[in-house]
Structures are given as C-alpha cells and as structure tokens.
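The sequence and structure come first, and the description follows.

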Amino acid sequence: MSTLRRLVGLITTLHMLQSTVVHAWSDHASLAWPLLRVMPEVQNAEPLRVETLNEFVVAERTAIAELLAQHEDWALQNLEHYAALPTELVFDAATADADLEIAFLNAIRINPTRSYQPYRQLMSFEPKTAQETLIAVSELTFLQGTIASNDSRYVSLASGDFVSAAAVVSTASDEPDFGLDIGLYADNGTEHGKRYGFGNQPFGNPNLEYGSQAPFHMGFYHLDWLTSLAQPGLLQTYPLYRTELYRKLAVLAFSTGHDYWGWRFMGWGLHYVGDLAQPYHAVPLPDTGILESLWIVATGKTGEALQLVSNRHGVIEAFQKAIVAQALVRQDWTQSTLQEVARLSPSAAWAQNTLIDELTQDSAAGAAGLDRALVKYAPPKLVSDPVFEFSQSPEEAAILAAIAVQGEDAEAGLTASLNQQMQRFSFFAQAWIRGILNS
Ligand SMILES: [Zn+2]
C-alpha cells in the first residue's frame, strides 16, 4: 500500500511538472496552415462576413438556449466525471441584449475576462495591407508568458469586414491557448472559478500561470488500471466536453447563416484535436509500464524521471515550432513536415467517439516511439540528463542548431518522428473539419 501511495505521489508531482508545458504544439495557426491552404472545402468557401459574438448570440438566442440544454444533457449522460452546470448559469434567451454575450460565456464556462473580439493572425509570410491595423497580443490575452514570447502579428477585424475561412479557422485554432480555459476551478482564485461548478482543480499546478488549463487541454483517456486507481483526478479531463460543444455550436452557426462563427467555433475545437495529437498530452509517462513506474518509485528516481519527461516534451515542441516556422516563412511547401500536414485524407471522418477511440488511442500508441526517437536523436544533455532543465535554456531558443550538432541523421530521424505526429494531426484535423461541414 505504501508503494501505491508513493506512486500517487509520483503521478501528482508529474502533473505539476507537466503543467509547465501544457501549450502542446506552439502556434496552432501556423501548424494548421499547410493543411488549410490545400483543403478544397476550406479554399472554396466564400469570404466570410465578420460578426461580433454579441451579434451572433443575440440573433440566435433561442436556438443557442436549446443547443446548450441538449449539450448539458449529453454531458451528464456521457461524460463519466462531468461536473454539472450550476442552475444559475443556464443560458436564458430572455436575457437583455447587452448582457447576452456574458451570459453565453458563463453558460459555456469559458474565461469571461478576456476579449472575444474578431481578429486574425497574419501568417509569417503575409504582408500587412495598408487597411489592416495591427493589434497587440495583450489585447487578446492576459497571459504574461504569451505576451512576452509571442512574435506573431494580429490584425483587428470589425463587424461587416470580409475575411477568408482559412484565416478564421487557423486563427481560432490558437485561441484556446489565449486563456479561455484559465482559472475555471474553484481553487484558482478567480471570481468565475468560484461560480463555474467545476470544483477544485484535479491535477496540474494551480499556482503556475498556465497550470489551470491542463485538465481541459490534456486527455488521459487510456490510463492503465493502477494509475486510474491511484490518481482518479487524471480522469477528470474536459477535451471531449469542449470539442462536442464547439462542434455543435459550429454546426448551428453554419445552419443559421453565421458562417464566420461557424469557422471560428470549428477553429476553437480544432485546437483540442491538435493538442491531443501530441502524445505527451495523452499519456502521462510515455514508454513506462506499470512495473517500471513502480521501480522508479522504489529506487527513489521519481524526480529524475519527471524531469526527463518534461524535457522530452519540451524538445519535440521546440523542434516542431522551429521546423514549421523556418519552412513557413520561406513558403517551402515541399518541406517534409509541411507536406505531411498537407497530405489529404478524403476518408477521414469524425464521429462522437473519434476523440477517445481513435485520436487519443493513436496518440497513446505513438507515445513510446516518439519518446525513443527523442532519446536516440536529440543530444543526450537535452533528453537524458535529469539535472538539465530544457525549458528556457539556450538550447530551446536554438533547437535546430542543437540537433544539428548530432549530425544529419539526427535531424532526419527526429523529423521523421515529428512527421508521424503531424500525420496524426492532419488526419484528425481533416476529420474534424469535414465532420462539421458535412453535418
Ligand atoms: Zn492547448
């Protein structure tokens, strides 16, 4: 029993550490772009007339109220660890127009303190036109880490402007990392967290700026029995709640002629599809069986194991970000990673069980291979030295140079492993997008 308790300790600590890297892929807009630029369904979409959230919610208040009531019933019946929506937050279509947007944000329980204004991200190769006005990232998020490290450009959009579907869905796919799921728990020290009914945060470190979104952006749907038993909080995750909600809202928006919001809700949901295509978001300890976990605990190597997982998680994300950024700014669509993202899979389809039975299942199955590739190809200091902290290291900022030191084979090997993750992302992203458009 004491071994079990120590295992609980291991897993708890693990998730506090992991919460420092809950971004998953950085810059989801650039990640998705190579796919969006070749998907006929996206490219053939008519330019979208921009609407504010308030305009959409006011226009479709009755249908939204019905949808949210139906979603709540679905969640209560289908999500094993679901925390019910408090009665006072139920969306009331009779709410005054001026209060309707905030009533909607409360009813879907996302952070009501940030702006949901229309905007779009410029791709790195896109020049800003004379008519476009840049807006600071601080207008879109309160997260200081994002504000400090973000070098993307954003332009404001106003009601009545026209914008491409690809721009809306790519931009929106990065938006959930701008604070939508921050501070939603009762013990997060926020006013909305006290009202939202999610209870206390089940895992992740609530003291870290990003920590509180972990249960919404990670999905441990395929835990082994011992971990489930020892740490049931890991099962209290919400990606399926979010994707189903945004899928239904997107379908409603399209069917009622609000295409801008159709693509934007689609993009919000696409974020979680991307996160869960990252094996470190679907498996707590890749390439580690139950016995090995117990051995790690028994030999007092817990802290070392956690540091290694954290560093490997960081290395693959830094590598992905650098590879994609380098190819995208050159518009090098023949680069292998961009090609993998752009590989069309017309048979990919989305169903209600896809996220759990296919996407996270596949991510979990790919976790050990990715972990081993990192150990094989990345410099040992970065992925096999438990004393080293990768996050914010000089190597993180110059990851391609750090990998290049290992020789050409290393870069090729790691790229091949990255591309396997991109193949998963691309397939399920297409399933997600088509699933909504075909509804
Ligand atoms: Zn995320």
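R109 has a relative accessible area of 0% and therefore counts as buried, where buried means under 20% relative accessible area, exposed over 50% and partly exposed in between, with a 1.4 Å probe and protein chains only. R109 sits in the loop between α6 (97-107) and β2 (119-122). Its phi is positive, about 55 degrees, although R109 is not a glycine. A positive phi also occurs at D27, near 50 degrees, again in a residue other than glycine. D27 is placed in the loop between α1 (2-18) and α2 (28-36). Helices here are DSSP runs of H or I with at least four residues, strands are runs of E with at least two, and both are numbered from the N terminus.

The model is predicted: local features need pLDDT of at least 70, side-chain atom pairs count only at pLDDT 80 or more, and totals for chains, interfaces and linings use all residues. Residues are numbered from 1 along each chain as its sequence is written, and side-chain values use heavy atoms, with hydrogens and water left out.

**Individual positions**

N106 belongs to helix α6 and is buried, with a relative accessible area of 12%. Leaving aside neighbours within four places in sequence, N106 is in contact (heavy atoms within 4.5 Å) with L85, L89, P112, R195 and Y196.

T243 lies in helix α12 and is buried as well, at 1% relative accessible area. With neighbours within four places in sequence set aside, T243 contacts G269, Y272, L355 and W432. The C-alpha atom of T243 is 26 Å from that of T337, a residue 94 positions away along the chain.

A69, in helix α5 (residues 61-78), has 44% relative accessibility and so counts as partly exposed.

Helix α8 (residues 165-174) is mostly covered, with 10 of its 10 residues buried. Among them are V168, V169, T171 and D174.

**Core and aromatic residues**

The largest nonpolar core contains 109 residues, and F91, F104 and Y246 touch the most other members. Such a core is a set of buried Ala, Val, Leu, Ile, Met, Phe, Trp, Tyr and Cys residues joined through side-chain atoms within 4.5 Å. Helix α21 supplies the largest share of this core, 11 residues. In soluble globular proteins, nonpolar side chains tend to be buried together.

What does Y246 contact, apart from its neighbours within four places in sequence? The partners of Y246 are I108, I110, L180, F265, W268, G269 and Y272.

Aromatic pairs are taken as rings of Phe, Tyr and Trp (its six-membered ring) with centres within 6.5 Å; planes under 30 degrees apart count as stacked, over 60 as edge-to-face and the rest as tilted. By this rule there are 27 aromatic pairs. Two of these are listed below.

| Pair | Centre to centre | Angle between planes | Class |
|---|---|---|---|
| Y246 and W268 | 5.2 Å | 75 degrees | edge-to-face |
| Y260 and W261 | 5.5 Å | 90 degrees | edge-to-face |

Y246 is in helix α12 (residues 239-255) and W268 in helix α13 (residues 259-276), so their pair ties together parts that are 22 residues apart in sequence. Y246 and W268 are both buried. Y260 is buried at 1% relative accessibility, and W261 is buried at 0%. One aromatic cluster is formed by F56, F91, F104, Y116, Y246, Y260, W261, F265, W268 and Y272.

**Helix packing**

Two packed helices are described by the angle between their axes and the distance between the axes. Helix α15 (residues 302-329) packs against helix α21 (residues 408-437) at an angle of about 90 degrees, and their axes are 11 Å apart. The axes are lines fitted to C-alpha atoms, for helices over the stretch in contact, and angles run from 0 to 180 degrees between N-to-C directions. α15 and α21 are therefore roughly perpendicular to each other; angles under 35 degrees count as roughly parallel, over 145 as roughly antiparallel, 65 to 115 as roughly perpendicular and the rest as oblique.

On the α15 side, I316, F319, Q320 and I323 meet E411, L414, T415, L418 and M422 of α21. The residues of this contact comprise 6 nonpolar, 2 polar and 1 charged, with Ala, Val, Leu, Ile, Met, Phe, Trp, Tyr, Cys and Pro counted as nonpolar, Asp, Glu, Lys and Arg as charged, and the others, Gly among them, as polar.
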